[in-house]
Amino acid sequence: MNKDGEVSLMKSMHTGNDLIVYKNYSFYCKRRNSRTNVTDWYCSTHNWRGCNARIKMSENYEILTIENGHTHPPAKYSIAFIKSHKGSDLLLHRQYTYFLQYDNKVKRVSHWRCSTHSHKGCKARITLNEKLDIRKANFQHNHIPLNIVFCNGKYYKL
């Protein structure tokens with residue numbers, strides 16, 4: 001946590017490399033200076049399209065500098081709320097479902113855990129703020145996603 005907001009560390013679903021997410025923008029680690037332990041993180045979604053946004057961070061993940069604004073809007077992580085077959089609320093994100101672990105009314109965030117495999121050691125979690133923005137997440141599941149379809153206004157697990 002820093003004065004500008006929260007930084008979340010996660011893994012890329014495509015490459016498995018480390019990513020950080022800051023204010024709904026994701027960054028990949030381009031280089032680390034072994035002498036100063038400062039890491040340069042570059043925009044992971046549009047760097048190849050000319051976006052030069054980057055963050056310099058200490059080894060403790062504290063933001064030292066933010067350089068060059070993004071040339072694009074932040075990514076929108078699509079989430080949906082669905083009902084389980086028992087009628088419980090579930091969060092659906094990228095074909096995975098999550099149950100509400102607890103709601104922190106003081107910090108105005110809700111914490112969600114993988115609903116299908118948390119009992120089998122799956123560490124996937126999502127923390128949402130009151131505006132339903134993803135504030136923190138671990139998207140690493142230890143299982144394949146569910147086969148879920150949307151039909152006639154309802155979600156169905158196949």
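Some conventions to start. Residues are numbered from 1 along each chain as its sequence is written, and side-chain values use heavy atoms, with hydrogens and water left out. As the model is predicted, local features need pLDDT of at least 70 and side-chain atom pairs count only at pLDDT 80 or more, while totals for chains, interfaces and linings use all residues.

Confidence next. The protein chain averages a pLDDT (the predictor's confidence in each residue, from 0 to 100) of 80, and 81% of the residues score at least 70. Helices (H or I, at least four residues) and strands (E, at least two) are DSSP runs, numbered from the N terminus. Among these elements, strand β10 has the highest mean pLDDT, 94. The lowest, 58, belongs to strand β13, residues 148-151.

Now the sheet. Six strands make an open sheet in the order β7-β8-β9-β10-β11-β12, with antiparallel pairing; two strands pair if DSSP finds at least two bridges between them. At the edges are β7 (80-83) and β12 (134-138), each pairing on one side only. From one strand to the next the twist averages 30 degrees, with axes as lines fitted to C-alpha atoms, for helices over the stretch in contact, and angles from 0 to 180 degrees between N-to-C directions. Inside the sheet, β10 (residues 109-114) and β11 (residues 125-129) pair in the antiparallel sense over 5 bridges. W112 stands opposite I126 in β11.

On to the cysteines. How many disulfides are there? The count is 0, taking a disulfide as a pair of cysteine sulfur atoms within 2.5 Å. C114 is in no disulfide, since its nearest cysteine sulfur, that of C122, is 3.9 Å away, too far for a bond. C114 is buried, with a relative accessible area of 0%, and C122 is buried too, at 1%. Buried means under 20% relative accessible area, exposed over 50%, partly exposed in between (1.4 Å probe, protein chains only).

Last, the rings. The count is 1 aromatic pair: Y28 and Y42 are tilted, 6.4 Å centre to centre, with 40 degrees between the planes. Rings of Phe, Tyr and Trp (its six-membered ring) pair if their centres lie within 6.5 Å; planes under 30 degrees apart are stacked, over 60 edge-to-face, the rest tilted. Y28 is in strand β3 (residues 25-33) and Y42 in strand β4 (residues 38-43), 14 residues apart. Y28 is partly exposed at 27% relative accessible area, whereas Y42 is buried at 7%. K30 lies over the face of Y42, 4.6 Å from the ring centre; the rule asks for NZ of Lys or CZ of Arg within 6 Å of the ring centre and within 35 degrees of the ring normal.
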